[in-house]
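Subject: Structure handover

Hello,

Here is the structure I said I would pass on. My notes on it follow below.

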Amino acid sequence: MRHFSLLILLLMSLSTTLAYGQTPLYSSEGYNKRGLARYDKGDFDGAIADYTKAIDINIRFADAYYNRGTARGDKGDKSGAMVDYNKAIELNPQFTEAYNNRGSVRQDKGDDDGAIADYNKAIELNPQFATAYYNRGKARYGKGDYDGAMADNNKAIELNPRYAEPYVTRGFIRFNKGDFDGAIADSNRAIELNPGYAEAYVSRGSVRFNKGDIDGAIADYNKAIELNPQHAKAYMYRGLLKLLNGNDAEAQPDLDAAIKLDSNLKPQVKETSNQIKQARKPKE
């Protein structure tokens, strides 16, 4: 009977090992791997639980802190993500991706200088890290450093010509410099590379509007909303264009949706709507 029990335990151990790529589940590596699988399926809570278990077993497991930080960030827990990235970097000061991701959290919190410092470190550790150049370019753009942002996005594209996001940011920079044709070319390239990238349509729509192509702009905002129904600015821009065209009844639901999705847009919606309505009034 004792031999039979030992055989069952041996078979159970073998089954668990095979199921998790030769790594026993009840190890820190096993929980981390299962967390990654759950994360890939969109089960962020399950992933976080597994990463936490991996950390409980091995409190010096830098990858588990990093992975948990990513899942927490995707759930909107920026503070929790920051704590985890800090710990991952403390345990592994050469952890390039952790610096990059911590920079993104800092940027989301409005700390552009802190974000740039993290992106600088990521690039120092890996000068071929296209994502870090792109992220630093966004932060520089947010600070009004258009030349620095342009250089970073150019470098990201040089390192990875099929990376759609830097084309959109570079398009915004060109737009702000008055190069509308260059901005549309960048948006078109981003859409070619990633037809499901809503931000590229928003970018192109804004340029089309400023070139006087109202119908083209609305078509782009329509597509952006189709791809991402939570894109508040796409609703706002589309609503303002409808208002500009005198379609107040159609404009209002879009403007309401924009504010519902992002209450921070309320002052901009109110101010721009009033300006449009004032401009439409017949002059005495």
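Contact here means heavy atoms within 4.5 Å. This is a predicted model, in which local features need pLDDT of at least 70 and side-chain atom pairs count only at pLDDT 80 or more, while totals for chains, interfaces and linings use all residues. Residues are numbered from 1 along each chain as its sequence is written, and side-chain values use heavy atoms, with hydrogens and water left out.

Helix packing

Helices are DSSP runs (H or I, at least four residues), numbered from the N terminus. Axes are lines fitted to C-alpha atoms over the stretch in contact, and angles run from 0 to 180 degrees between N-to-C directions. Angles over 145 degrees count as roughly antiparallel, under 35 as roughly parallel, 65 to 115 as roughly perpendicular and the rest as oblique. A crossing is left-handed if the near helix is turned anticlockwise from the far one by less than a right angle, and right-handed if clockwise. For residue classes, Ala, Val, Leu, Ile, Met, Phe, Trp, Tyr, Cys and Pro count as nonpolar, Asp, Glu, Lys and Arg as charged, and the others, Gly among them, as polar.

Helix 10 (residues 164-176) and helix 11 (residues 180-193) have axes that come within 8 Å and cross at roughly 165 degrees. Helix 10 is therefore roughly antiparallel to helix 11, and their crossing is left-handed. On the helix 10 side the contact involves Ala164, Tyr167, Val168, Arg170, Gly171, Arg174 and Phe175; these meet Phe180, Gly182, Ala183, Asp186, Arg189, Ala190 and Leu193 of helix 11. By class, the residues in this contact of helix 10 with helix 11 are eight nonpolar, two polar and four charged.

Helix 13 (residues 214-227) and helix 14 (residues 232-244) cross at roughly 150 degrees, and their axes come within 9 Å. That makes helix 13 roughly antiparallel to helix 14. The crossing of helix 13 and helix 14 is left-handed. Helix 13 contributes Ile214, Ala217, Ile218, Tyr221, Asn222, Ala224 and Ile225 to the contact, and helix 14 contributes Ala234, Tyr235, Tyr237, Arg238 and Leu241. The contact of helix 13 with helix 14 has 10 nonpolar residues, one polar and one charged.

Helix 7 (residues 112-125) packs with helix 8 (residues 130-142) at an angle of about 155 degrees, with their axes 9 Å apart. Helix 7 is thus roughly antiparallel to helix 8, and the crossing of helix 7 and helix 8 is left-handed. Asp112, Ile116, Tyr119, Asn120, Ala122 and Ile123 of helix 7 meet Ala132, Tyr133, Asn135, Arg136, Ala139, Arg140 and Gly142 of helix 8. The contact of helix 7 with helix 8 divides into seven nonpolar, three polar and three charged residues.

Aromatic pairs

Rings of Phe, Tyr and Trp (its six-membered ring) pair if their centres lie within 6.5 Å; planes under 30 degrees apart count as stacked, over 60 as edge-to-face and the rest as tilted. The whole structure holds eight such aromatic pairs. In one of them, Tyr66 and Phe95 have ring centres 4.9 Å apart and planes at 35 degrees, so the pair is tilted. Tyr66 lies in helix 4 (residues 62-74) and Phe95 in the loop between helix 5 (78-91) and helix 6 (96-108), so the pair ties together parts 29 residues apart in sequence. Both Tyr66 and Phe95 are buried (buried means under 20% relative accessible area, exposed over 50%, partly exposed in between, with a 1.4 Å probe and protein chains only). Phe175 and Phe180 form a stacked pair, 5.4 Å centre to centre with 25 degrees between the planes. Phe180 is partly exposed, at a relative accessible area of 24%. Ring pairs also link Tyr66, Tyr85 and Phe95 into a cluster.

Single residues

Asp254 is in helix 15 (residues 248-261) and is buried, with a relative accessible area of 5%. Leaving aside neighbours within four places in sequence, Asp254 is in contact with Tyr235, Met236, Arg238, Gly239 and Lys242.

Ile89 lies in helix 5 and is buried, with a relative accessible area of 9%. Apart from neighbours within four places in sequence, Ile89 is in contact with Ala98, Tyr99 and Arg102.

Asp43 lies in the loop between helix 2 (28-40) and helix 3 (44-57) and is partly exposed, with a relative accessible area of 32%.

Regards

Notes
Helices (H or I, at least four residues) and strands (E, at least two) are DSSP runs, numbered from the N terminus.
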